[in-house]
Amino acid sequence: MDLGAVSWRFVKVWRRNLWTYRRIWKVSFLTPLLEPLFFVAAFGLGLSGFVGEIAYGGRKFDYPTFIAPGLVATAVMNNAFFETTYASFVRMYYQKTFDGMLATPLSLEEIMIGEIVWSASKSVVAAALMSAVLAVLGFVDPWSVATVLPIAFVGGLAFGALGLWLTGITPHIEMFNLPVFLLITPMFLFSGTFFPVSSLPGWAAAAAQVFPLYHLVELCRRVQIHAWESSTAGSGAYLGVFSAVFVVLAVGAMKRRLIR
Amino acid sequence: MVGLVSAVVAVENLVKRFRDLTAVDGVSFTVGRGEFFGLLGPNGAGKSTTIRALYGFSPPTSGTVRVFGMDIRTRWRAVKARIGVCHQENTLDPDLSVQENLWIFAGYFGIPLAEAKVRASELLEFFALNHKKDAKVADLSGGMARRLILARALINRPELLILDEPTTGLDPQSRHLLWERLESLKAEGLTVLLTTHYMEEAARLCDRLVIIDHGKILVEGAPGDLVARYAGAEVLEVGGPDAALRRYVTENRLEYDDLGDRLILYVPEGSSILEIVRTRFCVRQCTWRRSTLEDVFLRLTGRELRE
Ligand SMILES: Nc1ncnc2c1ncn2[C@@H]1O[C@H](COP(=O)(O)OP(=O)(O)O)[C@@H](O)[C@H]1O
Ligand SMILES: [Mg+2]
């Protein structure tokens with residue numbers, strides 16, 4: 001990655017995506033508004049009778065309250081990851097959008113950073129909408145509609161960069177099934193989203209800490225239900241470093257793919 | 001010839017290798033300000049690869065590329081701000097309408113939206129696309145899409161326009177409209193670098209051109225000079241040539257191509273050979289016409305099929 005090639009111009013790429021998004025925003029807003037209702041209804045109301053109370057971070061929570069921040073974190077992951085995988089792949093491969101941009105003063109670095117920041121912006125919007133619904137339902141601290149936003153942004157950067165790196169190395173769009181199945185699904189299930197990681201065997205609990213989603217869930221729980229089991233600074237640092245590493249990897253992979 | 005210093009484009013010894021394939025093999029040329037320069041060659045000759053090196057999309061294996069006197073490797077941002085590029089493939093944004101394509105693209109150059117809207121409506125007018133300004137890109141015909149790509153390449157008011165096969169696949173009407181527009185841009189002093197494999201297009205538009213094949217430049221010159229030098233003034237195609245004709249052309253050291261069932265004779269201006277051959281050897285079918293750039297092209301790059 002060439003740092004001399006990075007400037008504020010990435011905002012132009014971000015703006016392009018925002019412009020096209022304005023057409024479909026009503027549909028896009030529906031998912032984060034309705035999804036928490038479905039999950040809370042199914043898992044919270046349906047399942048909580050069997051689950052009872054969850055002990056986490058030294059306190060006890062009813063089941064819907066426990067999973068609420070996990071849902072927000074998962075939405076952050078999905079919004080960014082699916083944007084920079086499927087959607088970015090379509091722009092790169094089928095629409096040749098990046099080829100067009102590369103004939104302008106934009107650098108490849110700026111195009112990729114624009115894509116990643118855009119995906120993180122979608123995560124922020126989804127987190128805000130979902131948290132608002134969950135706050136109205138009384139599951140999360142209403143203030144967290146605001147305090148969760150920087151967390152959603154950093155989490156979005158992490159998953160957006162991871163997704164874009166995969167886009168840079170994936171030959172066909174169908175092959176995204178593989179990282180979704182091997183990476184996203186296990187992360188969704190084993191990152192403390194639906195049950196505390198501490199209830200897993202020791203080795204599995206340790207392994208879960210490698211997942212960026214684990215750290216994102218931790219940070220969301222911290223601001224939304226004020227409970228945590230890992231160091232907040234550690235989780236923040238992990239997501240920050242993870243994002244930086246994958247931004248560099250994504251730019252490198254895209255450079256190899258597009259500049260020939 | 002154009003001096004290296006004043007040249008808008010100066011390519012020196014450009015080599016581009018893809019693994020074991022040498023796509024561009026030591027190409028050098030210059031384009032002067034206001035010139036309309038053609039890069040001709042059959043499919044796979046290395047035209048697009050050469051052009052991509054000009055805007056930094058394809059870093060050279062060796063050699064130098066200077067645009068406006070600046071090295072593309074270090075000054076790419078300054079260079080790209082002042083050029084317009086029409087890719088061979090369609091890179092229009094299908095998520096945006098016709099005019100939004102221009103507005104958003106202008107943004108990549110740092111042009112404010114208000115200014116972009118003014119320029120966009122001028123360009124849509126110029127390219128006869130005003131009635132389609134709110135249409136989806138997917139609904140445009142091939143000719144309209146090409147015109148929009150050209151309009152988009154002009155949104156930053158470039159000093160150099162790079163066109164990679166701008167009329168491939170277009171119907172004659174669209175092609176002629178595009179040619180007219182390119183001619184009026186040229187009259188305004190725009191420098192244009194164009195690749196094509198339509199000889200008619202090159203002969204009509206280009207001040208100077210090179211023919212490249214297998215990554216190497218075969219000839220360089222003005223279209224008319226190249227025709228005179230490599231295909232004479234007139235061409236006589238003799239169907240079913242006999243041994244006597246073959247003997248005659250070799251004895252008189254005429255320029256010809258023997259295709260077996262046809263013999264193609266290239267005759268210089270004012271030569272008496274034409275009359276002699278027509279009266280003595282035109283047994284079956286004989287066609288006679290002015291030489292064209294296509295004759296030069298086929299003579300130099302061969303007649304066998306590419307790809
Ligand atoms: N990215 C690439 N990787 C490998 N080979 C390439 C690549 N781009 C072009 N080539 C090859 O280089 C040669 C020249 O291609 P190109 O410049 O596109 O030709 P033209 O534009 O004259 O038709 C062709 O043989 C083509 O297959
Ligand atoms: Mg080409």
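Modeller: In this predicted model, the C-alpha centres of domain 1 and domain 2 of chain B lie 40 Å apart, domain 1 covering residues 9-222 and domain 2 covering residues 233-290 of that chain. With that division of chain B in mind, we can turn to the part you asked about.

At the interface, 32 residues of chain B are in contact with 27 residues of chain A. The area buried between chain B and chain A comes to about 2,600 Å², and carbon and sulfur atoms give 59% of it. Of the area that chain B buries against chain A, 30% is supplied by B:Phe57, B:Arg77 and B:Tyr108, which is more than any other three residues supply.

Charged and polar pairs also cross between the chains. The rule finds 4 salt bridges across the interface of chain B and chain A, and a salt bridge joins B:Glu100 to A:Arg23, with the closest N and O atoms 2.8 Å apart. Counting residue pairs in polar contact, with both residues at pLDDT 80 or more, gives 13 between chain B and chain A. As for the elements involved, strand E1 (9-18), helix H2 (76-81) and helix H3 (98-108) of chain B each supply at least two residues of the side that touches chain A, and H3(B) gives the most to that side, with 6 residues. Sorted by class, the side of chain B that touches chain A has 16 nonpolar, 8 polar and 8 charged residues.

The ligand site also involves both chains. Ligand 1 is surrounded by 13 residues, the closest being B:Gly44, B:Gly46, B:Lys47, B:Ser48 and B:Thr49; because residues from chains A and B surround ligand 1, the site is shared between chains. Three of these closest residues can be described by backbone distances: an oxygen atom of ligand 1 is 2.7 Å from a polar backbone atom of B:Gly44, an oxygen atom of the ligand is 2.8 Å from a polar backbone atom of B:Lys47, and for B:Gly46 the corresponding distance from a ligand oxygen to a polar backbone atom is 3.0 Å.

Conventions. Residues numbered from 1 in each chain as written. Chains lettered and ligands numbered in written order. Predicted model: local features only at pLDDT ≥ 70, side-chain atom pairs only at ≥ 80, totals over all residues. Heavy atoms only, no water. Contact = heavy atoms within 4.5 Å. Buried area = accessible area lost by both parts, 1.4 Å probe. Salt bridge = Lys/Arg side-chain N within 4 Å of Asp/Glu carboxyl O. Polar contact = N/O pair within 3.5 Å; in protein donor to acceptor, adjacent residues only side chain to side chain. Helix = DSSP H or I, 4+ residues; strand = E, 2+ residues; numbered from the N terminus. Nonpolar A, V, L, I, M, F, W, Y, C, P; charged D, E, K, R; others polar. Domains from an automatic or database assignment. Near = heavy atom within 4 Å.
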